[in-house]
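These are my notebook entries on one protein model. I record below what I looked up, entry by entry.

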Amino acid sequence: MADRVLVIGSGGREHALAWKLAQSPHVKHVFVAPGNAGTADNGKISNSAVLVSNHTIVTQFCKDHNIGLVLVGQEALLAAGIVDDLKAAGVRCFGPSAKAAQLASNTSFAKAFLDRHGIPTARWKAFTNPQEACSTDFPARVVRARGPAARKEVTIAASKEEACRAVQEIMQDGMFGEMVVIEELLQGEELSCLCFTDGVTVASMPPAQAHKRLLDGDQGPNTGGMGAYCPVPQV
């Protein structure tokens with residue numbers, strides 16, 4: 001393990017990564033960029049103001065500070081190819097390439113991938129025309145933006161009218177892109193089964209369950225996550 005590690009992102013995910021990395025005797029210091037209040041001046045952990053959207057600046061920061069390993073948690077940066085650029089510059093980096101990151105950052109790409117490989121998924125259609133999107137005949141609907149914001153911009157619509165309002169916000173207001181994916185709503189428990197892989201070997205982590213809705217009782221709008229717990233009794 002490298003003496004100095006850079007974790008890129010500002011959420012709870014990056015806080016947890018930095019916290020665990022700092023416990024290793026092989027790690028001298030963990031920089032988090034841009035970080036958050038929990039990663040600011042916390043023992044072996046400190047925040048960095050390096051401009052993470054500029055991959056050239058991040059590369060230079062790594063060389064100036066003898067960073068031996070970079071971990072990227074921020075999805076938009078993964079989709080923008082920061083791992084590809086850092087690796088090309090000789091910086092060791094843990095995270096998917098831009099091509100692989102499409103599975104998380106591009107909803108229509110991911111759904112087509114699932115269909116192509118026979119992996120079960122809810123029925124879906126992608127639309128670039130708001131009127132066509134509003135005519136979808138699924139009995140219950142999940143409306144998703146296509147791009148990197150898709151994980152957070154999800155509307156579980158109880159009616160056709162509610163689905164149309166969500167389509168309008170995403171497409172006509174241009175807040176989250178020019179395409180929406182509308183899925184059939186599947187009822188039941190939702191679990192996250194995450195794995196580490198080097199492209200050959202897959203190491204599974206225990207299943208976890210995240211709380212996405214803003215309010216108690218699975219009510220309110222969807223969020224990027226209101227918290228999670230693991231292990232789960234359902235599995």
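**Entry 1**

I located D41 in the loop between β2 and β3 (45-47); helices (H or I, at least four residues) and strands (E, at least two) are DSSP runs, numbered from the N terminus. The phi of D41 is near 50°, which is a positive value in a residue other than glycine. I then looked up its accessibility: at 71% relative accessibility, D41 counts as exposed. For this term I used the following cut-offs: buried is under 20% relative accessible area, exposed is over 50%, and partly exposed is in between, with a 1.4 Å probe and protein chains only.

N66 is not a glycine either, and has a positive phi of about 55°. I found N66 in the loop between α2 and β4. N66 counts as exposed, at 60% relative accessibility.

**Entry 2: Basis of the values**

I note that the model is predicted, that local features need pLDDT of at least 70 and side-chain atom pairs count only at pLDDT 80 or more, while totals for chains, interfaces and linings use all residues. Residues are numbered from 1 along each chain as its sequence is written, and side-chain values use heavy atoms, with hydrogens and water left out.

**Entry 3: S46 and its surroundings**

I looked up S46, which lies in strand β3. S46 has 12% relative accessibility and counts as buried. Its side chain is joined to that of H29 by a polar contact of 2.7 Å. A polar contact is a pair of N or O atoms within 3.5 Å; within protein, one must be able to donate a hydrogen and the other to accept it, and residues adjacent in sequence count only if both atoms are side-chain atoms.

Which residues does S46 touch, not counting residues up to four places away in sequence? I listed H29, V30, F31, V32, T39 and D41, where contact means heavy atoms within 4.5 Å.

**Entry 4: Cis peptide bonds**

I recorded a cis peptide bond from A33 to P34, with omega near -5°. P34 is in strand β2. Another cis peptide bond joins C230 and P231, with omega about 0°. I placed P231 in the segment after β15 (228-229).

**Entry 5: Nonpolar cores**

How many residues does the largest nonpolar core have? I found 20 residues, and those with the most contacts inside this core are L6, I8, V58, V70 and V72. The elements that give two or more residues to the core are β1 (4-9), β2 (29-34), α2 (55-64), β4 (69-72), α3 (75-79) and α4 (82-88). A nonpolar core is a set of buried Ala, Val, Leu, Ile, Met, Phe, Trp, Tyr and Cys residues joined through side-chain atoms within 4.5 Å.

A second, separate core has 13 residues, including A163, A166, V167 and V180.

I took V70 as an example from the largest core. Leaving out residues up to four places away in sequence, V70 touches L6, I8, C62, L86, V91, R92, C93 and F94.

**Entry 6: Salt bridges**

I found three salt bridges in the structure; a salt bridge is a side-chain nitrogen of Lys or Arg within 4 Å of a carboxyl oxygen of Asp or Glu.

One is formed by the side chains of E75 and R13, at 3.0 Å from N to O. This pair links distant parts of the chain: E75 is in helix α3 and R13 in helix α1 (residues 12-22), 62 residues apart. E75 counts as buried at 15% relative accessibility, whereas R13 counts as partly exposed at 42%.

Another brings together the side chains of E183 and K111, at 2.8 Å from N to O. E183 lies in strand β9 (residues 180-184) and K111 in helix α6 (residues 107-116), so the pair ties together parts 72 residues apart in sequence. E183 counts as buried at 8% relative accessibility, and K111 counts as buried at 5%.

R123 forms a salt bridge with E184, the closest N and O atoms being 3.2 Å apart. Because R123 lies in the loop between α6 and β6 (124-127) and E184 in strand β9, the pair ties together parts that are 61 residues apart in sequence. R123 counts as partly exposed, at 46% relative accessibility.

**Entry 7: Domains**

I noted the division of the chain into domain 1 (3-101), domain 2 (106-184) and domain 3 (195-229); the bounds come from an automatic or database domain assignment. The C-alpha centres of domain 1 and domain 2 lie 32 Å apart.
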